[in-house]
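Thanks for coming. I will take a few residues one after another, and you can follow along on the screen.

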Amino acid sequence: MISSKLFSSFFQSQTSGGIVLIFCTIFSLILANSPIAQSYDAIWLTDMFGHSFAHWINDGLMAIFFFLIGLELKREIFVGELSSAKKAILPVFAALGGMAVPALIFFLTNKGTDTISGFGIPMATDIAFAVAIITMLGKRVPMSLKVFLTALAVIDDLGAIIVIAIFYPNPELPFDFTQFGTSIAILAGLFVLNKLKVKSMILYIIGGIAVWWFMLHSGIHATIAGVLVAFAIPFDKIDAKSMSVKMEHALHLPVAFVILPLFALANTAITIEGGGLAHFSIPLASGIFLGLVLGKPIGITLFTFIAVKLGLCDLPTAVNFKRVFGVGILGGIGFTMSIFVSMLAFSDQSYINEAKLMILVASVTAAIAGFIVLKILLTTKQDYSD
């Protein structure tokens, strides 16, 4: 079946990709705090056609990452865990809780400060890291729990994308209606091609690049174009060789092993200074840490509990509320999306560096805690009642 094959392929690529991300992050942190730190940082500041290398990664290559997320989301809507209201309600509620509670915690800890704009930072979950950690638990993890985590993270990403589109316009450009209108007009043309059953991949690629280019200059963050274009790509729930499926398969490896590692290397080159626990007294840092480490599992578990008790949905086989809480802890691994949002939320580099550092601390904490909790829960007798 097309959905199960795609999910298996997706899960395997995210697992290995997450492990690569971990190594790239460690490697980048080591170099950034070594005697060659200045030379290492200079790599990402290298000018390429008027922009730095890091800028092309964050505004260019990451659009491809968002495009892949869009393809995955579209597949889930047509044939996956979001293909019916009954299937979608549980992960949707869980994701909403996992976004709302962390954002609330950040808001309460940063209210009245000039860092309040970072409320979107703890709302995100990094699929690659979370999947990599749960896979390390081996065969003891029920497939239903893996599917729940993946669906939750995909919806979480959609939520982060919506937040970026609404609250985090491109800080370097004022909104340009002409550029934005041109981008939307080209996007509409791609949907028309889809409706007319045009199968020429090159037309969609050229059109997609054009949508990205005009979106880039419109003041709306260009990576949003990736998601929008993904929904214009032809998809056939029966045909395993439809254009959307081909593109998704083709992009898994380069995104997992080239784009995201480059993003990690470019954006985790953080100089770690002294201060220790003093960092947690800063509203920005405490808001991120508490939002990811506590807000995520509380929000995911609470909203899941509400959805089930209201009779809107049922827990999947082999999943109980304790295991939902364990998955919720892994949801606190923000990393890619959280770092991305932090760079959009602030213009002050010191705030960005503080946010990145705390995202790393919180993500590592969530990864270790989630692994330990799930390992304990998955070695106990399989009682699914709560």
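One definition before we start: a residue is called buried under 20% relative accessible area, exposed over 50%, and partly exposed in between. Also keep in mind that this is a predicted model.

Take Ile 298, which sits in helix H11, residues 283-309. Its relative accessibility is 43%, so Ile 298 counts as partly exposed. Ile 298 belongs to a nonpolar patch on the surface, together with Leu 290, Leu 294, Leu 302, Phe 305, Ile 306, Leu 310 and Leu 312. Together these residues have about 670 Å² of accessible area.

Now to the inside. The largest nonpolar core has 112 residues. Which of them touch the most other members? They are Phe 65, Phe 66 and Ile 288. Setting aside residues up to four places away in sequence, Ile 288 touches Phe 106, Ile 121, Pro 122, Ala 355, Met 358, Ile 359 and Ala 362.

Next, helix H1, residues 2-32, where we find Leu 21. With a relative accessible area of 1%, Leu 21 is buried. Beyond its neighbours within four places in sequence, its contacts include Asp 126, Phe 129, Leu 260, Ala 264 and Phe 335.

Is Ser 28 buried or exposed? Its relative accessibility is 0%, so Ser 28 counts as buried. A polar atom of the Ser 28 side chain lies 3.3 Å from the backbone nitrogen of Ala 269.

Conventions:
Residues numbered from 1 in each chain as written. Predicted model: local features only at pLDDT ≥ 70, side-chain atom pairs only at ≥ 80, totals over all residues. Heavy atoms only, no water. Patch = residues over 30% accessible without salt bridge, like charges linked within 9 Å, V, L, I, M, F, W, Y side chains within 5 Å. Areas by Shrake-Rupley, 256 points an atom, 1.4 Å probe, with all protein chains shown as cover. Salt bridge = Lys/Arg side-chain N within 4 Å of Asp/Glu carboxyl O. Helix = DSSP H or I, 4+ residues; strand = E, 2+ residues; numbered from the N terminus. Buried < 20%, exposed > 50% of the residue type's maximum accessible area, 1.4 Å probe, protein only. Contact = heavy atoms within 4.5 Å. Core = buried A, V, L, I, M, F, W, Y, C linked by side-chain atoms within 4.5 Å. Polar contact = N/O pair within 3.5 Å; in protein donor to acceptor, adjacent residues only side chain to side chain.
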